[in-house]
Each structure stands twice: as C-alpha cells, then as structure tokens.
Amino acid sequence: MPSIRLFVLALAALLLSGCASVILVDNQVESFPRWQDRAAHATVPTPPQVYRFERLPSQQQDQRAARGQDELERYAEAALAKLGWTRAAANVSAPWAVQVGASNVRLPRAPWEDPWDTWGWGPFGSPFAMPGRDYVVTGTGQVVFFPMMAPRFETPYYQRAVSLVIRDAASGRVVYETRAAHDGRWNSTPALWTAMLDAALQGFPAPPAGLRQVNIEVPR
C-alpha cells in the first residue's frame, strides 16, 4: 500500500508540473452574425471601428451592479481592441452600440458528483472519504491529498457564461450576437473572464456557424 500511495503522489506531482504554466479554459461558443440586417451599408465591417457601451436597467440598478458592469466592460474593451474596435470617448457618437453581460452560478460540487458517496458518518455527522477518494482538486488546479478516513471536503463548481451583442446605433438593429459558456472549478479572475470573451469573439466578424468548442490557454 505505501508503494501504491507513493506512486499516486508522484503521478499527481508529474501532472501538476506539466500543467503548472497554463490553465485551459474550454468554452462552448455560438455566434450569430446579422450584418445584412443593417438599414444601410449591409456589409461586414472591417477595422478600425468605433463603438459605445450600452446597459440594461438591471446592469445599473445600484452601485454594486454598476461596478461589476464597469469591470466586465473593461474586459470586453480589451477583447474588442484586439480586433481593431475602439471604445468611443465620452460624449462622442459611434456607429455601433455594444452590450455585454455575464452570469456566474456557484454549485457546492460538480453536477456528476454524488454527495452521499462517503465511507460513513462520524459521531457528529461528518462524512468521511471513500477509499480512493482521499484527495480534492482545488480551484487553482492543485491536488491536495488527505489520509484515509479523513473528512471529505466539497469543492465548489462554477457555471459561467458571457454574452456580447452589437447593434447598429442608427437603427437599433442587432447585427451581431455571440456567447460563450465555461464550467469548471477555477476561481473567478480577470484572466478567466478575458479568456471567455476572447473565445466568444473568435472568428469575429464572420464566425463559423453552429455550436463549437474554443479553448483558450491562460497563464497561471
């Protein structure tokens, strides 16, 4: 048994060393270009372009919502800048209006994990780990081992999504819509949200049709 445990520890260390430099953010992306629906000049725009952000009432209902939207728009601004789209200065008109949104659902565990998959219950009702389940993967991807019969800790699981809509400012018509979804244990960071927006904008302004997977590597 000690030799097996040492082998498992060595294997975990090898895996961690191999992926220590980057985190893979796998996204499910779907995009809907509708440039032909513009009132005039129904062509796919080429950079440089200028836009302004617009917000829903729910995105500015209080200071907390406004601060969160400020942060999200900064990430979107950086992602659009890579494509040659620049945010207009204050009080300057722009031909495009961009709306960006995000959702973040925290689950106590991954949907496929069984909360009753335990060895037994202690005198105070505490669950203990099953044989072979004596480790957890943290939000940063580290593997933490526990002795046999140690209390089992739940690891949160997150379901996140971002969306971006572009409208023709003159007519108000939606000319581009895209969204990206990512599930995983990684903690919320600017790099994670930026990666999701980069994935959502992959192929812009003429992305492939249908649902597709877009992987973005994020440095640790």
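Let's start with Arg185. Arg185 sits in the loop between strand 10 and helix 3. Helices here are DSSP runs of H or I with at least four residues, strands are runs of E with at least two, and numbering goes from the N terminus. Arg185 is buried, at a relative accessible area of 15%. Buried means under 20% relative accessible area, exposed means over 50%, and partly exposed is in between, with a 1.4 Å probe and protein chains only.

What does the Arg185 side chain contact? It makes a polar contact with the side chain of Glu113, at 2.4 Å. The backbone oxygen of Thr155 is 2.9 Å from a polar atom of the Arg185 side chain. A polar contact is a pair of N or O atoms within 3.5 Å; within protein, one must be able to donate a hydrogen and the other to accept it, and residues adjacent in sequence count only if both atoms are side-chain atoms.

A word on the source. This is a predicted model: local features need pLDDT of at least 70, side-chain atom pairs count only at pLDDT 80 or more, and totals for chains, interfaces and linings use all residues. Residues are numbered from 1 along each chain as its sequence is written, and side-chain values use heavy atoms, with hydrogens and water left out.

Now the overall picture. The protein chain has three helices and 11 strands. Of its 220 residues, 34% are buried. Take contacts, meaning heavy atoms within 4.5 Å. Among those with a separation of 6 or more, 73% join residues 24 or more positions apart.

Next, helix 3. Eight of its 11 residues are buried. Among them are Leu192, Trp193, Met196 and Leu197. The buried residues of helix 3 pack against strand 1, helix 2, strand 4, strand 9, strand 10 and strand 11.

That leads to the core. A nonpolar core is a set of buried Ala, Val, Leu, Ile, Met, Phe, Trp, Tyr and Cys residues joined through side-chain atoms within 4.5 Å. The largest one has 32 residues, and Trp85, Ile166 and Leu197 have the most contacts inside it. Which element gives the largest share of this core? Helix 3, with seven residues. In soluble globular proteins, nonpolar side chains tend to be buried together.

Look at Trp85. Leaving out residues up to four places away in sequence, Trp85 touches Trp35, Pro45, Gln49, Tyr51, Leu80, Trp96, Ile166 and Phe204. Gln49 is also the bridge partner of Trp85, which lies in strand 3.

Strand 2 runs parallel to strand 3, residues 85-87, with three bridges between them. Strand 2 also pairs with strand 4, in the parallel sense, over three bridges. Pairing requires at least two DSSP bridges between two strands. Phe53 stands opposite Val98 in strand 4.

Last, Ser103, also in strand 4. Is Ser103 buried or partly exposed? Partly exposed, at 36% relative accessibility. Not counting residues up to four places away in sequence, Ser103 touches Gln159, Arg160, Ala161 and Trp193. Ser103 and Ser163 are 60 residues apart in sequence, and their C-alpha atoms are 9.0 Å apart in space.
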